[in-house]
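This report goes through a structure part by part. Keep the sequence and the 3D view at hand while reading.

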Amino acid sequence: MKNFKIFKGLVRKEFLHILRDWRSLTMLLGIPIVLVLLFGSVMTMEIKDANIAVVDHAKDHDSKELINLISTSEFFKLVKYLDTSDEIDEEFKKGTIRMAFVFDKDFGYKLHHEGHAQIQLIADGSKILTSPSLISYGKIIINKHIASKNPPSRAGYYIIPTVRMMYNKNLNGRYMTVPGIMSTVILLVGALMTSLSITKEKELGTLELLLSTPINRFLIMFAKIVPYLITSFISALSIIWAAKYVFEVPVSGSMGLLLLNTVLYILTALALGLLISTFANSQLTAMMITMTLLMLPTEVLSGMTFPTDSLPVVLQWLGKLLPSTWFNIISKGILLQGAKGGSLFFETAMLVIMVMVFYFWSVIRFKPRLQ
Amino acid sequence: MTPISAENIVMNYGKVKALDAVSLKVEKGELFGLIGPDGAGKTSLIKILGTLLLANSGTAEIEGMDVVKQYQNIRRQIGYMPGKFSLYQDLTVEENLNFYASIFGTTLEENYDLIKDIYKQIEPFKKRRAGKLSGGMKQKLALSCALIHKPKVLFLDEPTRGVDPVSRQDLWDMLQSLKKDNITILVSTAYMEEALLCDRISLMDHGKILATNSPDGLIANFDKPLYAIRSGNSFNIIKKLKAYKHANSVYPFGDWVHYTDKRDTIDPLEIKTYLENNDTPNVEIKQIKASVEDCYMSLTSKNQNYEPA
């Protein structure tokens, strides 16, 4: 009972700090949603209305028909007819086009008389993330066209693969990136908040006075978590709102389950911040540790942007130590696959273990005296 | 039970000896002063006694409890006011007090009597943020916070540093008045004249306690006759006196130069004549009573480890 009163006093104090410092409060609530909106719209690999140019040496019925088909598809937008292939290079350099289609001379004639004709697809190899998709979209349109002209003959075998991308039919990039950014932002901001809050007390000397009192260190640490759990949850809600209504990421699973896991994930981030604060004596150090430890690894190793399967095994294991790896699986599972709690049991358990480890480790490391 | 006792405390920061076998005993209800310049080891000693630092060796007890093993229990019994203002600047006066009261499971109302003499001076500003208070008011608030849980022992690390003279006097008056509540107080200061306001003092220098006594006792122990000398040119006096064959100690003291002789009895006229014969005209000389600072100067010159900066 007495401890509860002390705890209430501590939490009240933490809330006052947050409310008094309106700059940090704005940052805490505003920056995550701004980041998600920003990255969500920028970090996308989907293709829509890519500018293309056409060099039509044939200028016959067949080439025109195909060009028409390409330029009316949702993927491409024909912006220029060029006379020679030499001009393509210039257009790429000017950045006016992302791909060019070159039709061979006598395209239609060859097609009808020789049974094969050539179209050259030229894309920018330096744009490694988008060019392969551009080429394959182009191929799909051409193959479809040929298939429709050529009813399958009874003589040979034909296999027509029909492809279906589950959970993300249109390969919408935002469905992947938005949950990924969400996990990075929540982790970074959460860990920063608690680590800065404690190192600030170290810097100002207020921790020294606090240490001279009989407060239990479990309480000091726990009281740092509570107010930031609430503020972080509010900013997480705004991120989920943006995911659902701005980026139209479907919430296939249970929203309640997602929120519950988000709270768990925020706790992991805050406890990690506490742990970082026991290694740093200044706010600057805490910030550096948090940034280097979490920013890049989260982006690279957690499966947020790149598939982890292709990473070296060591890095895959390192990735497994990051809370964001597990939250990525959970959030994508709930949002896109409509996963139920049971199938995410392992991932949720991993987060619970991490909260415990981070919290108790930081309490143990938190010295009851000055160093 | 002795409120504060320390035996052979040694504290090293790397190669620097901050405390060199310091022993100390403070009696119940005493206002005890640690007097010495910056770097003498006052802060380290207070932090060790306040359970905030671990000494390299030696033992210390507060109210009969060991500072290492029973630090949790000691922390319930002590009040601590660090040298640097360490309250929450973004919290108001009232919020700071309520916070420290809540930590000890008490309330401002419950212990209002103990701090009212001090607190009522800052009460008109209770809605003001602590960071916006003047230096003197900050110290009053810090003292109030240190007293809110009725501590048996109070540690104050240089409470008058950087505070205006009026507030300094106020603070000492408050400490004197706390004696009626039977609180044992250990206070450090670099201002020698404040030593007179303590019941007993320890003079500290380079990690050692040079002497422990009441201010009067300390002054009474000053065994040589002390002379204050001045002329138009004090720099010249110091130079000439130091060259004098009977000189024991020579050091500037405001406009004056304080001087002791190696011999037990001397004739001041002899010194006056010596100086005036050595191009130092208009010499004024008088025998004076030693101050704490004179005692300090005389003791530091005897301190073996003393190396002038």
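Two residues are in contact if their C-beta atoms, placed from the backbone, lie within 7 Å. The model shown here is predicted, and this rule for contacts is applied to its atoms.

In chain B, helix α4 (residues 112–122) packs against helix α5 (residues 135–147). The side of α4(B) in this contact consists of B:Leu114, B:Ile115, B:Ile118, B:Tyr119, B:Gln121 and B:Ile122, and they meet B:Met137, B:Lys140, B:Leu141, B:Leu143, B:Ser144 and B:Leu147 of α5(B). Sorted by class, the residues of the contact are 9 nonpolar, 2 polar and 1 charged.

Two packed helices are described by the angle between their axes and the distance between the axes. For α4(B) and α5(B) the angle is about 150 degrees, and the axes are 9 Å apart. Angles over 145 degrees count as roughly antiparallel, so α4(B) is roughly antiparallel to α5(B). The crossing of α4(B) and α5(B) is left-handed.

## Two helices of chain A

From α10(A), the contact uses A:Leu257, A:Leu258, A:Asn261, A:Tyr265, A:Thr268, A:Ala269 and A:Leu272; from α13(A), it uses A:Pro323, A:Phe327, A:Ile330, A:Ser331 and A:Ile334. This contact has 9 nonpolar and 3 polar residues, with no charged residues.

How many of the 9 residues of helix α4 (residues 86–94) of chain A are buried? The number is 0, so α4(A) lies largely in the open. After α4(A) comes A:Gly95, which has a positive phi, near 80 degrees.

## Chain B as a whole

Chain B contains 10 helices and 14 strands. Its C-alpha atoms fill a box of roughly 75 × 45 × 35 Å along the principal axes. Chain B has 309 residues, and 43% of them count as buried. Among contacts in chain B with a separation of 6 or more, 71% are between residues 24 or more positions apart.

## A strand and its partner

Strand β6 (residues 78–81) of chain B has B:Ile78 and B:Tyr80 pointing one way and B:Gly79 and B:Met81 the other way. Are these residues buried or exposed? All of them are buried.

β6(B) pairs with strand β7 (residues 153–157) of chain B in the parallel sense, over 4 bridges. In this pairing, B:Gly79 stands opposite B:Leu154 of β7(B).

## One loop residue

B:Asp199 sits in the loop between β8 (184–189) and β9 (200–205) of chain B. B:Asp199 has 16 C-beta neighbours inside 10 Å, so this residue counts as partly exposed. Apart from neighbours within four places in sequence, B:Asp199 is in contact with B:Glu30, B:Leu31, B:Phe32 and B:Ser214. B:Asp199 and B:Ile4 are 195 residues apart in sequence, while their C-alpha atoms are 15 Å apart in space.

## Where the chains meet

The contact takes 21 residues from chain A and 23 residues from chain B. On the chain B side, α2 (71–77) and α3 (93–103) each supply at least two residues. The residues of this side of chain B divide into 12 nonpolar, 5 polar and 6 charged.

Key
Residues are numbered from 1 along each chain as its sequence is written. Chains are lettered from A and ligands numbered from 1 in the order in which they are written. This is a predicted model: local features need pLDDT of at least 70, side-chain atom pairs count only at pLDDT 80 or more; totals for chains, interfaces and linings use all residues. Axes are lines fitted to C-alpha atoms, for helices over the stretch in contact, and angles run from 0 to 180 degrees between N-to-C directions. Angles under 35 degrees count as roughly parallel, over 145 as roughly antiparallel, 65 to 115 as roughly perpendicular and the rest as oblique. A crossing is left-handed if the near helix is turned anticlockwise from the far one by less than a right angle, and right-handed if clockwise. Ala, Val, Leu, Ile, Met, Phe, Trp, Tyr, Cys and Pro count as nonpolar, Asp, Glu, Lys and Arg as charged, and the others, Gly among them, as polar. A residue is buried if 20 or more other C-beta atoms lie within 10 Å of its own, exposed if 12 or fewer, and partly exposed in between; C-beta atoms are placed from the backbone. Two strands pair if DSSP finds at least two bridges between them.
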